[in-house]
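Hi,

Here is the structure I promised to pass on to you. Have a look at it first, and then read my notes below.

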Amino acid sequence: MDIAGERPGHDAAAASGAGREYFAADPTARSLGIALVETGPGRATLRMSVRADMVNGHGTAHGGYLFLLADSAFACACNSHGPVTVAAGADIDFVRPAHEGDVLTATARERTRLGRGGIYDVTVTRGDDVLAEFRGRSRALRT
């Protein structure tokens, strides 16, 4: 990788388009009000507001929604390279709770790609507060 974090000869415009195309084809994210803020080679930023129907019995956002937001950012980032890529596994650590009305941002970045596999880290924030850290492992499908 070069200093900017892109592979030499990598088409950043094509990667941005591939991430946007993936997001546009995701009805789940759109139905939850998730918005694509930015995408590029191996990265993506998504945003979501916590609605009343996303809150659990403790009055906090259900962790599944934080996972889904992070997973969606991960999917946009790992699909930004063009080949159809899926999750091979993922883990999340919840640091702070989110509440109804909070605006959450998930920022995904590629840590490494080798062959058909990749590792991506996603940080979910509310303003400057980190709410969750997600690590996803991807696998590009053979076409």
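In this predicted model, 6 strands form an open sheet in the order 1-2-4-5-6-3, and the pairing is antiparallel. Strand 1 (35-40) and strand 3 (85-94) are the edge strands, so called because each pairs on one side only. On average, neighbouring strands of the sheet are turned by 20° against each other, direction ignored.

You can walk through some of the pairs yourself. Strand 1 and strand 2 run antiparallel and are joined by 5 bridges; one place to look is Ala35, whose bridge partner in strand 2 is Arg47. The hairpin made by these two strands has 2 residues between them, and Gly42 there takes a positive phi near 70°.

Moving on, strand 2 pairs with strand 4 in the antiparallel sense over 7 bridges. Ala44 stands opposite Ala108 of strand 4. Then come strand 5 (residues 117-126) and strand 6 (residues 129-140), an antiparallel pair with 10 bridges.

Now for the helix I liked. Helix 3 (residues 63-78) has 16 residues and reaches 22 Å from its first C-alpha to its last, close to the 22 Å expected at 1.5 Å a residue. Helix 3 lies across strands 1, 2, 3, 4, 5 and 6, and runs at about 150° to strand 2. Which residues of helix 3 are buried? Among them are Leu66, Leu69, Phe74, Cys76 and Cys78.

Enjoy exploring, and write back with any questions!

Best wishes

Methods. Residues are numbered from 1 along each chain as its sequence is written. This is a predicted model: local features need pLDDT of at least 70, side-chain atom pairs count only at pLDDT 80 or more; totals for chains, interfaces and linings use all residues. Side-chain values use heavy atoms; hydrogens and water are left out. Helices (H or I, at least four residues) and strands (E, at least two) are DSSP runs, numbered from the N terminus. The expected span of a helix is 1.5 Å times one less than its number of residues. Buried means under 20% relative accessible area, exposed over 50%, partly exposed in between (1.4 Å probe, protein chains only). Axes are lines fitted to C-alpha atoms, for helices over the stretch in contact, and angles run from 0 to 180 degrees between N-to-C directions. Contact means heavy atoms within 4.5 Å.
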